[in-house]
Amino acid sequence: MIPQDLHLAYIDPGSGSMIIQVIIGTLLAAPFVLRRQIGRAYDALRRRKPASKSERDRLAS
Amino acid sequence: MTAEPGDGSFRDPSGFIYRREDLILRQVNRSFAERFDDLRASGLLTTLQRQGLLIDHEEVDPSLAAAPALAHAVLQPEPLAFVSYPYEWAFGLLKDAALVTLQAQSEASAAGFALRDASAYNVQLHRGRPILIDSLSFERARPDAPWRAYRQFCEHFVAPLALMAHRDVRCGLLLRDFIDGIPVDLAAALLPGRTKLDVGLASHIHAHAQAQRRSRHSSGSSGASRRMPAIAQTALLDSLRRTVEKLTWRPAVTAWAGYAEATSYSAAAARSKDEGVRRLLEAAGDGVVWDLGANTGRFSSIAASLGRTVVAWDGDAGATELHYQAVRLGAQPAVIPLLADLTNPSPGLGWANEERRSLVERANAGVVMALALVHHLVIGRNIRLAMVAELLARMGQQLIVEFVPDADPMAQQLLLSRDDVKPSLTIDGFRQVFEARFEILDDVPIEDSGRRLLRMRRR
């Protein structure tokens, strides 16, 4: 199912573009994972934190 | 029944768009049969459609194919009110189209597929939201393959958005010359040096341009066989999304964006004009409304409130942006705000000048509105009144036009800077010129002003 031929790839991906995206993606992978972990930890903390007074007021109204 | 080729899909070997009678159809070619069956069975198309990322379609009788010998299937996509091009879009629309494309690629990647192309022409504004319109853009991808459409995404979206945000919003018009997207080396040369300090633009434009330059001088592999771990692919998409989201442009108070608040109408005149436009639109009956010189959309919204689809054109990027943002907030999903200079509208572009059709060729209006516009063309841009009438007649069957006398303060303001133009426009002269191309059906005064609204039918 995975195309081996490229006749259907009717746009030119550009060899420089293919190479640079591998480099960019690889370099950004570690900061991306770190940011994602921090984001998840922050979300988990927020869920645990009791609702603030303003939130309680909003929910009550 | 004859089949006419549709808009610019002829370069795609997997299938093409065509018109048969009143239907717009997409043929899936036999050469793409296995891949299409795989795509259909994967459920990806349905997932994307449910999320509002891809236009809905239904499969119809294959006998409706344009080229039956080559056909595997025929799709009937949900019809679009109007097909517009990226060089006619507000900054915000191009940005939202970029984000929709990235989201679709993320979904496709999660399902083991990839967008084969990331063309801005594959996105259209539909019911107030940008949506992908090419159901054949997806194919099964090797899990560790780089994204083949990365370069195209940068050239169709990142480069123009960066230039519009960091250099000048009018750089969006470069897309008219560069129909395959703004080359990243050109964008790198035109962008201010400070953009090299932005991680996203430094990566996707500046380093990208450098990599392209290097690869041209080396005889290495095409790069297609390179491997890219899944996490690197996700990080790349995340970086592209963050780069696009960071690009912003806010209109300054330009001549037109501030025009709505700075007209010469008194409150009574403004109310009378609103009522007049509404009454004449009701009398004009059904059909798509083209609002020429729409500014931020005051009269487009009156047409939309009557259930009409509106294609709203303005020559000012700021006004079009404000109008688009209003549509985006859900106020008027039936309005399509677009950018055009009526004295130099979009030409036919691409192969044989037919790949992207000219603005006039795409005119499909039941009703054309030209409100507070004609005096700008005649006095400000030296277009003869008869030529204005001729163009308006080519655009739609009915016309609602505003007559502005020379004595009007706004006309006087235009005449002030034009020693070479003598005031000569009277309502009788105006009617006489338009009667050569139209039958005048209504002529109503706008209270508390010398202006009038006229409704006409093309002869």
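**Figure 1. A look inside the largest cavity.** About 40 Å³ of space lies in the largest cavity of this predicted model. How many cavities of 30 Å³ or more does the rule count? The tally comes to one.

**Figure 2. Where chain A meets chain B.** Here 30 residues of chain A are in contact with 44 residues of chain B. Between them, the two chains bury about 3300 Å². Carbon and sulfur atoms account for 67% of that buried area.

**Figure 3. Zooming in on the salt bridge.** Which side chains meet in a salt bridge here? They belong to Arg35(A) and Asp238(B), with 2.6 Å from N to O. Across the interface of chain A and chain B, the rule finds one salt bridge. It also picks out six residue pairs in polar contact across this interface, with both residues of each pair at pLDDT 80 or more. As for the side of chain A that touches chain B, its residues split into 18 nonpolar, eight polar and four charged.

**Figure 4. How confident is the predictor?** Start with chain A, which averages a pLDDT of 76, with 62% of its residues scoring at least 70. Now find residues 1–8 of chain A, where the pLDDT is below 50. Beyond near neighbours in sequence, that stretch has 19 contacts in the model. Chain B averages a pLDDT of 92, and 94% of its residues score at least 70. For the complex, the predictor gives an ipTM of 0.85 and a pTM of 0.91.

Notes:
Residues numbered from 1 in each chain as written. Chains lettered and ligands numbered in written order. Heavy atoms only, no water. Contact = heavy atoms within 4.5 Å. Buried area = accessible area lost by both parts, 1.4 Å probe. Salt bridge = Lys/Arg side-chain N within 4 Å of Asp/Glu carboxyl O. Polar contact = N/O pair within 3.5 Å; in protein donor to acceptor, adjacent residues only side chain to side chain. Nonpolar A, V, L, I, M, F, W, Y, C, P; charged D, E, K, R; others polar. 1 Å grid on protein atoms, 1.4 Å probe; cavity = no way out; pocket = protein on both sides within 12 Å on 5 of 7 lines; lining within 4 Å. Points joined across faces, edges and corners; volume = space filled by probe spheres on them. pLDDT = per-residue confidence, 0-100.
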